[in-house]
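Let's take a walk through this structure together. Have the sequence and the 3D view open as you read.

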Amino acid sequence: MGTRWVDSPVGGLRIHTSAGLVTAIDFDAEPVGRPEPDALLDQAELQLAEYFAKERTEFDLPLAKDGTEFQVKVWNQLRKIGYGQTVSYGDVAKTLGYDAGISRAVGVANGANPIPIVVPCHRVVGADGSLTGYSGGIERKQILLTLESPGLF
């Protein structure tokens, strides 16, 4: 089990790993101690740095899937949303074979995502395109979406 603090355009992040998997990324983290030597934490830190430098559009990290069956389905679908794209909660529901009416349940699963940025829950917006809810705050969601905006490469 390891942890690493990294600085980013959305503030301090703490990466958590266990059993060879990234288990969580926390927002609003404060630096604590010295970085632990750990290959997976090094890789996660590097991939996040590349993402924020606009050198990476997809993450290739082993991820824990600690959630309900429905949450894991939603999180897997989030990883299929392309860089710079957004979809609505209803779109996610329909893609998974559910009625768009369960968009609230998709929103709850989205909000429970323990590995934000890597599992791009920031790419899910309201049906009208509004930036509804984000566990890291709407300001962070806007920063991430702006970072991914087409034409900014």
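Which residues of the largest nonpolar core touch the most other members? They are Leu13, Leu48, Phe52 and Ile117, out of 36 residues in that core. A nonpolar core here is a set of buried Ala, Val, Leu, Ile, Met, Phe, Trp, Tyr and Cys residues joined through side-chain atoms within 4.5 Å. Buried means under 20% relative accessible area, exposed means over 50%, and partly exposed lies in between, using a 1.4 Å probe and protein chains only.

Before going on, some ground rules. This is a predicted model, where local features need pLDDT of at least 70 and side-chain atom pairs count only at pLDDT 80 or more, while totals for chains, interfaces and linings use all residues. Residues are numbered from 1 along each chain as its sequence is written, and side-chain values use heavy atoms, with hydrogens and water left out.

Helices (H or I, at least four residues) and strands (E, at least two) are DSSP runs, numbered from the N terminus. Helix α1 supplies the largest share of the core, six residues.

Now zoom in on Phe52, which counts as buried at 14% relative accessibility. Leaving out residues up to four places away in sequence, Phe52 touches Ser8, Pro9, Val10, Leu13, Ile117, Leu144 and Leu147, where contact means heavy atoms within 4.5 Å.

Phe52 also leads us to the aromatic rings. The structure holds four aromatic pairs; rings of Phe, Tyr and Trp (its six-membered ring) pair if their centres lie within 6.5 Å, with planes under 30 degrees apart counted as stacked, over 60 as edge-to-face and the rest as tilted. One of them is Tyr51 with Phe52, an edge-to-face pair at 5.1 Å centre to centre with 75 degrees between the planes. Tyr51 also pairs edge-to-face with Tyr83, at 6.2 Å and 85 degrees. That pair links distant parts of the chain: Tyr51 sits in helix α1 (residues 39-52), and Tyr83 is in the loop between α2 and β4 (87-88), 32 residues apart. Both tyrosines are buried, and Tyr51, Phe52, Phe59 and Tyr83 form one aromatic cluster.

Next, have a look at helix α4 (residues 103-111). Val106, Ala109 and Asn110 are buried there. They lie on the same side of α4 because they cover an arc of only 100 degrees around the axis, the arc being that of the directions from the helix axis to the C-beta atoms. Arg104 and Val108, on the other side, are exposed. The cover over the buried residues of α4 includes α2 (69-78), α3 (89-95) and β5 (124-125). Helix α2 has its own buried residues, among them Val72 and Trp75, and its buried residues pack against α3, α4 and β5.

Over to the strands. β2 and β3 pair in the antiparallel sense over five bridges; two strands pair if DSSP finds at least two bridges between them. They form a hairpin with two residues between them, and Ala19 in the turn has a positive phi of about 50 degrees.

Last stop: Arg4, in strand β1 (residues 2-6). Is Arg4 buried or exposed? Arg4 counts as buried because its relative accessibility is 5%. Its side chain makes a polar contact of 2.9 Å with that of Asp42. (A polar contact is a pair of N or O atoms within 3.5 Å; within protein, one must be able to donate a hydrogen and the other to accept it, and residues adjacent in sequence count only if both atoms are side-chain atoms.)
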